[in-house]
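Reader: Please take me through one part of this model in detail. I would like the charged side chains and their pairings, with cut-offs.

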Amino acid sequence: MNDEKNIPTHKIETQTQVRLSSPYENRRGTQSHPPSPPSRSQGAVGLGFPKSRRLTKRREFLHVARVGDRLVGRYLSIDVRPATRSRLGLVATKKYGNAPQRNRFKRLAREAFRLSRMPAPLEIVVAPRAYAREATFFDVAKDMDRLINNINGFSKDTQ
């Protein structure tokens, strides 16, 4: 038989705590660190914009501006010079707009550069013009392709 000496004779009620939010509660939640976000999937390999394809130093930007040619389109102004590999530099100052506007332009220009067909390896510094705020991706890409293809003679002469 079972030893039933410690079994209570009255029923124990389980208490469940019901939590109702109040209008004055701290909506930030707990003060502990949030869980780390899930790692990014590696499915889109090769679609990024690696550091090797960017102009990163001030002297590189100045060299392209000093040695290269300036071409101006409706939405973009680009400084371009021949190079051993194609690289892009982006310039969007506070004069152009606030941070979301500048970041949007840089995303559009980066993708347009990534998808463009370069006639030869070029280093390009892209700056927005005032009309670029209202431009779509296709406007920026079309303007960049038109400007890059206008330098065909420029890139062939210097090879």
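**Charged side chains**

Author: Lysine 57 sits in the segment before helix H1 (58-67); helices here are DSSP runs of H or I with at least four residues, strands are runs of E with at least two, and both are numbered from the N terminus. This is a predicted model, where local features need pLDDT of at least 70, side-chain atom pairs count only at pLDDT 80 or more, and totals for chains, interfaces and linings use all residues. Residues are numbered from 1 along each chain as its sequence is written, and side-chain values use heavy atoms, with hydrogens and water left out.

Lysine 57 is partly exposed at 41% relative accessibility. Buried means under 20% relative accessible area, exposed over 50%, and partly exposed in between (1.4 Å probe, protein chains only).

Now the salt bridges. Each is a side-chain nitrogen of Lys or Arg within 4 Å of a carboxyl oxygen of Asp or Glu. The whole structure has 6. Arginine 87 pairs with glutamate 60 at 3.5 Å, N to O. Arginine 87 lies in strand S3 (residues 87-90) and glutamate 60 in helix H1, so the pair ties together parts 27 residues apart in sequence. Arginine 87 is buried at 10%. Glutamate 60 is buried too, at 15%.

Helix H3 (residues 137-149) holds arginine 146 and aspartate 143, 3 residues apart, about one turn. Their side chains meet in a salt bridge at 2.9 Å, N to O. Arginine 146 is partly exposed at 41%, whereas aspartate 143 is buried at 5%.
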